[in-house]
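Open the structure in your viewer and keep the selection tool at hand. We will go stop by stop.

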Amino acid sequence: MSRAGRIAAALAALALVAGCGSTAEPRSGAAGPTAGSSITGTVTVFAAASLTESFKTLADGFEAAHPGARVKLNFGASSALALQITQGAPADVFASASAGNMSQLIAAEAATGSRAFAHNVLQIAVPPANPAGVTGVADLARQGVLVALCQSQVPCGAAAEKVFDKAGITVRPVTLEQDVKSVLIKVETGEVDAGVVYLTDVRAAGAKVRGIAIPDELNASTEYPIAVLRAARNPAAAQAFTDYVLSGAGQDVLAAAGFAKP
């Protein structure tokens, strides 16, 4: 989606929420941004790779509501981003695809706490023509089927291992990638027959891949927490962006991308 399209989508979500006239009380700390506010400057957000499309839309909507603010996004594997932050990388907000990686930051006193903002599950991605005839999890263990997975320390890799354990199969990937988007690229380019990614990544890829659902009894899920970092250089903007992600408008953007509520 183009930048203009993302801005339009985010503003539409804001307008929808504003026009609903709901009598429900807002969640604590989850109010959407207000145009004309005093939030200014750059807020640097480190976010899991699986959040790429939705956080670009959220950033555009936040900037539109706060003309004096700019969101700088850095995407990658949650484990790698957490390590970068603990080693002193300048960041204001961390949005992780793993509660474990967030807990590491809190233990290292890089953050004082976090809030869950989304939930995701895995799906098998195959090329549109599905040359290996993959129909389910068991096919990933078939001889000759080329499979791409995330590295085991990456949330999508750890979740895939849980699926294989539940299914009682051994999958021998031909490549272990540094994040979920790298797995998706291997599928899109036809370098592999299948990859295990998040449902939201399959949706974001559109016609470039086909998604094969994993049964609930075998699937693994992950919860996404977000936190303002203790070393934030722009704590006001960091808190405002975090509140926007947690707001009704932010949740609408995430739901449109396929994320479930935490």
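**Stop 1: paired strands**

How many bridges join strand β3 to strand β9? Select residues 93-95 for β3 and residues 221-228 for β9. There are 3 bridges, and the two strands run antiparallel. Keep in mind that this is a predicted model. Now pick out Ala95. Its bridge partner in β9 is Ile226.

**Stop 2**

Next, show the charged side chains. The count of salt bridges comes to 4. Start with Lys181 and Asp201. They form a salt bridge, with their closest N and O atoms 2.8 Å apart. Lys181 sits in helix α6 (residues 180-188) and Asp201 in helix α7 (residues 199-205), so the pair ties together parts that are 20 residues apart in sequence.

**Stop 2: another pair, then a network**

Select Lys186 and Glu191. Here too there is a salt bridge, and the closest N and O atoms are 3.1 Å apart. Lys186 is partly exposed, with a relative accessible area of 21%. Glu191 counts as partly exposed as well, at 45% relative accessibility. Salt bridges that share partners join Glu53, Lys181 and Asp201 into one network.

**Stop 3: one side in, one side part way out**

Move to Asp139 and Arg142. Their side chains meet in a salt bridge of 3.2 Å, N to O. Asp139 has a relative accessible area of 14%, so it falls under 20% and is buried. Arg142 has a relative accessible area of 36% and is partly exposed.

**Stop 4: the cavity**

Finish inside the protein. The structure holds 1 cavity of 30 Å³ or more. About 60 Å³ of space lies in the largest cavity. Which residues lie nearest its centre? Select Ala48, Ala49, Val154, Val180 and Tyr198. These belong to a lining of 13 residues. What kinds of residue make up that lining? It divides into 9 nonpolar, 3 polar and 1 charged.

Conventions
Residues are numbered from 1 along each chain as its sequence is written. This is a predicted model: local features need pLDDT of at least 70, side-chain atom pairs count only at pLDDT 80 or more; totals for chains, interfaces and linings use all residues. Side-chain values use heavy atoms; hydrogens and water are left out. Buried means under 20% relative accessible area, exposed over 50%, partly exposed in between (1.4 Å probe, protein chains only). Helices (H or I, at least four residues) and strands (E, at least two) are DSSP runs, numbered from the N terminus. On a 1 Å grid over the protein atoms alone, a cavity is a set of points where a 1.4 Å probe fits but cannot get out, and a pocket is an open set with protein on both sides within 12 Å along at least five of seven lines; lining residues have an atom within 4 Å of a point. Grid points are joined across faces, edges and corners, and a volume is the space filled by probe spheres set on the points. Ala, Val, Leu, Ile, Met, Phe, Trp, Tyr, Cys and Pro count as nonpolar, Asp, Glu, Lys and Arg as charged, and the others, Gly among them, as polar. Two strands pair if DSSP finds at least two bridges between them.
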